[in-house]
Amino acid sequence: MCTQTVGLAQATVEERGIPTASITMLTEITEKIRPPRALAVPYPLGFPLGEANNRELQTEILRQLLALLERNDVPVLEELRL
Amino acid sequence: MVETGELSVELQAFLKTYSWRRIDPVPKASLSTPIRECRVALVSSAGFVAPGEEPFSHSMHGGDHSLRVIPGAMDVQSLEEHHDSDSFSRAGVDADRNMGLPLDRLHELAAEGEIGSVAPRHFSVMGSITAPNRYIKHTLPAIADLLVEDHVDIALMVPV
């Protein structure tokens, strides 16, 4: 349900003029919800930032998430590239 | 990535008849400043609660839709996790709270000049909301109000 919970938050926040991007582990559900921008990561539920205490990987995921903010061809669904 | 076919049998059965909320039309806000100048906030659905705050309820019908505010200056590892779902492994967030709310990473990006600043407030909800009407009507406008009040330029959202 987290995928929907986060997607709905994106919709409300974008409507108020603040751009958003989310991480998703469940692209099938993200495609149904259609949040404005999402980054698909190849990790199980509970691991959106990849690996505990892996600073480099977590930072790279945030960088690619931030890069989606420059996209306006919503809904955007990109895969993490490492 | 996870396929829905990999989820528990109970969850798959629930999802088979669940009516997802489709966002239509998809709203679009645009950046007004370069990312390196933006103030960034996090919204996490990991069910985190600051020490001493009320835990999320595990008995509310349709899921606890309430909100917890996480100060940007707080020690992220001190957060308590109160998510009401057994469909994900806790191993990641148990070992490192940045897995659900990457606040340390955000501070590092700000220190390195990759973003402008870290917002003073971040937001925690409990993602297992199956009946989201109250969440949409009350919680989300409250989050948006606080983001606007804090002059946030970008909100990054993290599900677990």
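Let me begin with a definition: a residue counts as buried if 20 or more other C-beta atoms lie within 10 Å of its own, as exposed if 12 or fewer do, and as partly exposed in between, with the C-beta atoms placed from the backbone. By that criterion, buried residues make up 39% of the 160 residues in chain B.

This is a predicted model, in which local features need pLDDT of at least 70 and side-chain atom pairs count only at pLDDT 80 or more, while totals for chains, interfaces and linings use all residues. Residues are numbered from 1 along each chain as its sequence is written, and chains are lettered from A and ligands numbered from 1 in the order in which they are written.

Chain B has four helices and seven strands, these being DSSP runs numbered from the N terminus, with helices as H or I of at least four residues and strands as E of at least two.

Turning to helix H3 of chain B, residues 103–111, which residues are buried there? They are B:Leu103, B:Arg105, B:Leu106 and B:Leu109, and, seen down the helix axis, they fall within an arc of 160°, so they line one face of H3(B); the arc is that of the directions from the helix axis to the C-beta atoms. Their cover includes helix H3 (55–67) of chain A and, from chain B, strands S1 (39–44), S5 (117–118) and S6 (121–124), where contact means C-beta atoms, placed from the backbone, within 7 Å. Just after H3(B), B:Gly113 takes a positive phi of about 80°.

Finally, leaving aside residues up to four places away in sequence, B:Leu156 touches A:Ala21, A:Leu65, B:Val40 and B:Leu42.

Key
Contact = placed C-beta atoms within 7 Å.
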